[in-house]
Amino acid sequence: MAKRIDVQGLTAYYGSHKAIEGITLQVEPRSVTAFIGPSGCGKSTFLRTLNRMHEVTPGGRVEGRVLLDEEDLYGPGVDPVSVRRTVGMVFQRPNPFPTMSIYDNVAAGLKLNGIKYRKSELDDIVEKNLRGANLWNEVKDRLNKPGSGLSGGQQQRLCIARATAVEPEVLLMDEPCSALDPISTLAIEDLIDKMKAQFTIVIVTHNMQQAARVSDRTAFFNLSAIGEPGRLIEVDGTEKIFSNPSVQATEDYISGRFG
Ligand SMILES: Nc1ncnc2c1ncn2[C@@H]1O[C@H](COP(=O)(O)OP(=O)(O)OP(=O)(O)O)[C@@H](O)[C@H]1O
C-alpha cells in the first residue's frame with residue numbers, strides 16, 4: 001500500500017552545520033515527485049531524512065516532523081530500521097551485494113526480516129520482483145550467477161528489485177540514473193512510470209528532461225549563498241514548474257541560467 005508523505009517544518013543538521021531549513025511538503029501516494037536544484041542545496045540530505053538515513057551520518061540530526069500517513073517517523077519508540085524497510089531507497093551507484101547471486105540479492109532483505117519462507121515462496125517473490133524491475137527475461141537463466149556480473153543498468157534494476165521485494169510503501173531514488181548510459185536510463189524511467197501504480201516515489205535528479213519525463217510534481221530547492229541552508233522554493237505540477245513557475249529563481253534554474 002503506497003502512503004502519503006507529509007513533511008512539516010523540517011530542518012536538518014550535520015553537527016552545527018544547518019544543511020536544510022524549514023521544509024514543508026506533501027507527496028501524494030502513487031505519484032512521482034522530482035527534487036531538483038543546484039549542487040549543495042540539500043536534495044540528498046532531505047531525501048535521506050524521509051527514511052531516517054540522515055541520522056546514520058555522524059552528527060546528523062533533524063527538527064520537525066515527517067508523517068507517513070498519520071505516523072510520525074521521528075516519533076518516540078519508532079524503530080529506524082523498520083522505517084527504512086517501509087521507505088526503501090535506491091542509490092546513485094548500483095550497489096548489489098557483489099559476492100551474492102542475483103537470486104540472493106533480491107531475497108536479501110526478506111532474509112533480514114527474520115521470517116522463514118519456503119523455497120517456493122522465495123522463488124515466487126524473486127521472480128515477481130525481477131519481472132517488476134523489467135529484468136527477469138535478461139537474468140532468468142543465470143539467477144545463481146553473481147549480481148556484480150551484470151551491466152550497470154541491469155545492476156541498478158537488480159537494486160530496484162531488491163528494494164521492492166520487501167514491499168515498501170515509498171521508494172526514494174537518489175539520482176538513480178546518473179551512472180547509467182542513455183538506454184539504461186530510459187529503461188529505469190519506464191520502470192518508474194510503471195512502479196508508481198504501486199509505490200509513492202521520490203526521485204532526486206540533476207537532469208531536467210528526466211524530471212519532466214518521469215514526475216507528476218516537481219520541487220525546486222535552492223540556497224541563498226554557499227554555507228547557507230537549502231530551502232524549498234516551490235513545488236507544483238511538473239508541467240507548471242517547467243512552463244510557468246511562480247518564482248523567478250525556478251525559471252532561472254530550469255532555463256539553465258545558474259546551477
Ligand atoms: N556527510 C556530510 N557531512 C557534512 N556535511 C554534509 C554531508 N553531506 C552533505 N553535507 C552538506 O550538506 C549540504 C547539502 O548537501 P547535499 O548533498 O544534500 O546537497 P545536494 O543538493 O544533494 O547536492 P548534489 O546535487 O551535489 O548531490 C551541503 O552544504 C553539503 O556540503
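The model is predicted: local features need pLDDT of at least 70, side-chain atom pairs count only at pLDDT 80 or more, and totals for chains, interfaces and linings use all residues. Residues are numbered from 1 along each chain as its sequence is written. Helices (H or I, at least four residues) and strands (E, at least two) are DSSP runs, numbered from the N terminus.

**Ligand shell**
- There are 13 residues around the ligand, and Tyr-14, Ala-19, Ser-39, Ser-44 and Thr-45 come nearest; a residue is near a molecule if its C-beta atom, placed from the backbone, lies within 6 Å of it.
- At least two shell residues each come from strand E2 (17-27) and helix H1 (43-49).
- H1 gives the largest share, 3 residues.
- By type, the shell holds 3 nonpolar, 9 polar and 1 charged. Ala, Val, Leu, Ile, Met, Phe, Trp, Tyr, Cys and Pro count as nonpolar, Asp, Glu, Lys and Arg as charged, and the others, Gly among them, as polar.

**Helix H6**
- Of the 14 residues of H6, 13 are buried, so the helix is largely enclosed by the rest of the structure. Buried means 20 or more other C-beta atoms within 10 Å of a residue's own, exposed 12 or fewer, and partly exposed in between, with C-beta atoms placed from the backbone.

**Gly-259**
- Gly-259 lies in the segment after helix H10 (248-254).
- Gly-259 counts as partly exposed because it has 16 C-beta neighbours inside 10 Å.
- The C-alpha atoms of Gly-259 and Glu-138 are 38 Å apart.
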